[in-house]
Amino acid sequence: MIRVASVEAIPITLRLAEGYRIAGSTITSADNVILKVDTADGRTGFGCAAPAEEVTGESAGAALRALDDVLIPLLRESDARDPAGVARRAARAVPGAPAARAAADIALHDLMGHREGLPLARVFRARRTRLLTSITLGISPEPDRTIEAARRHVSAGFRALKIKIGEDPDADARLVRALRAGVGPDVLIRADGNQGYSEEETRRFLDATSGSGLELLEQPTPSDDLEAMARLSASSAVPLMADEAILDARDAARICEARAAGLVNIKLMKCGGITGGFEIERTLKPAGVGAMIGCNDESRISIAAALHFALAAEGIDRADLDGHLDLVDDPALGGVRIEDGYIEPCGEGAGLGVRVDL
């Protein structure tokens, strides 16, 4: 047994350099909680909770309370070599705090890599070395500015764009068509409705964007209406992706059974960390449902964790790991880099490969 010697949860507010709009809200900052775990063998691991109430069901304050009151005491009495066992006990203790649980799980996996002296992806025997990632374009009242931003990202090397929609299906469809014309045929375009549409509005949007080469449409309708998603999936030539509708492996099983989506967005913050991510991936595989690794607005700590997991997970072939790019105050450095639109680990640093200055 390797004893956890000390644990500290540090809440931080990260400013966004530009901010963005999604269906229903405007985002200008991100509240994260950094978790530092020191073990008796002299090693330190870091985790990060990046809750979002509309996605994980918990506020930053709730995540911090779950860590301070429940998860830190649990870590102090646990074997640091057993992240899966800790994850099981944490899920029973605080089922409604997946982002807080993710911070603990990520820190223990960071420690695992440090004990092996290897990047975490290599500990997992990664199947690939990089993934193509999209970069997000928020809702804008000025379409010309969106097209300008898209061209800037493409010039910087990005080959996949994710555009936020969900407020007006007709205007959104016009924007997607203009975006396609603006960036050409070779750039992937993903659309994310953030539950903003009704079923009928989704059909209008899909009809109006036919021929635009959309790669996928993410969570256009409310997350609690799997029947609507299933009907849309059955009739749409564009694959539908579930996001807010899936937190954990049980949700994944329900989506597979209902045939509600051909793809799901796995986020470590929704499923309690790397352990939960692998559970979802194993659930999806027999049903032939694909997966993308996604993120919230979060520190490089958890972005790196998501990447290392995704490089090893057989069923993940897409990435949307851009949640660190707009952060002004991230205490973490390194971990990941993006080159020619692909995200990959930074060097051969052990564990997550991040340096944290708190």
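In this predicted model, a network of salt bridges links Lys162, Lys164, Asp192, Glu218 and Asp320. In total, the count comes to 23 salt bridges.

Take Arg190 and Glu215. Their closest N and O atoms are 2.5 Å apart, and the two form a salt bridge. Arg190 sits in strand 7 (residues 188-192) and Glu215 in strand 8 (residues 214-218), so the pair ties together parts that are 25 residues apart in sequence. Both Arg190 and Glu215 are buried.

Other pairs span longer stretches of chain. Asp329 and Arg15 form a salt bridge, with 2.8 Å between the closest N and O atoms. Asp329 lies in the loop between strand 12 and strand 13, and Arg15 in strand 1, so this pair joins parts that are 314 residues apart in sequence. Asp329 is partly exposed, at 30% relative accessibility. Arg15 is partly exposed too, at 48%.

Glu314 meets Arg127 in a salt bridge at 3.7 Å, N to O. Glu314 is in the loop between helix 13 and strand 12, Arg127 in the loop between helix 5 and strand 4, so the pair ties together parts 187 residues apart in sequence. Glu314 is partly exposed, whereas Arg127 is exposed.

Now the strands. Strand 11 (residues 290-293) runs parallel to strand 12 (residues 316-319), and three bridges join them. Between them the chain passes through helix 13 (residues 300-312) in a right-handed β-α-β crossover.

Last, the interior. The largest nonpolar core has 112 residues, and Leu35 and Phe205 have the most contacts inside it. Phe205 touches residues including Ile165, Val176, Tyr197 and Leu217. In helix 3, the buried residues include Val86 and Ala90. The buried residues of helix 3 pack against helix 2, helix 4 and helix 12.

Conventions. Residues numbered from 1 in each chain as written. Predicted model: local features only at pLDDT ≥ 70, side-chain atom pairs only at ≥ 80, totals over all residues. Heavy atoms only, no water. Pairing = 2+ DSSP bridges. Helix = DSSP H or I, 4+ residues; strand = E, 2+ residues; numbered from the N terminus. Right-handed = clockwise from strand over helix to strand, strands pointing away. Core = buried A, V, L, I, M, F, W, Y, C linked by side-chain atoms within 4.5 Å. Buried < 20%, exposed > 50% of the residue type's maximum accessible area, 1.4 Å probe, protein only. Contact = heavy atoms within 4.5 Å. Salt bridge = Lys/Arg side-chain N within 4 Å of Asp/Glu carboxyl O. Lists of a residue's contacts leave out its neighbours within four places in sequence.
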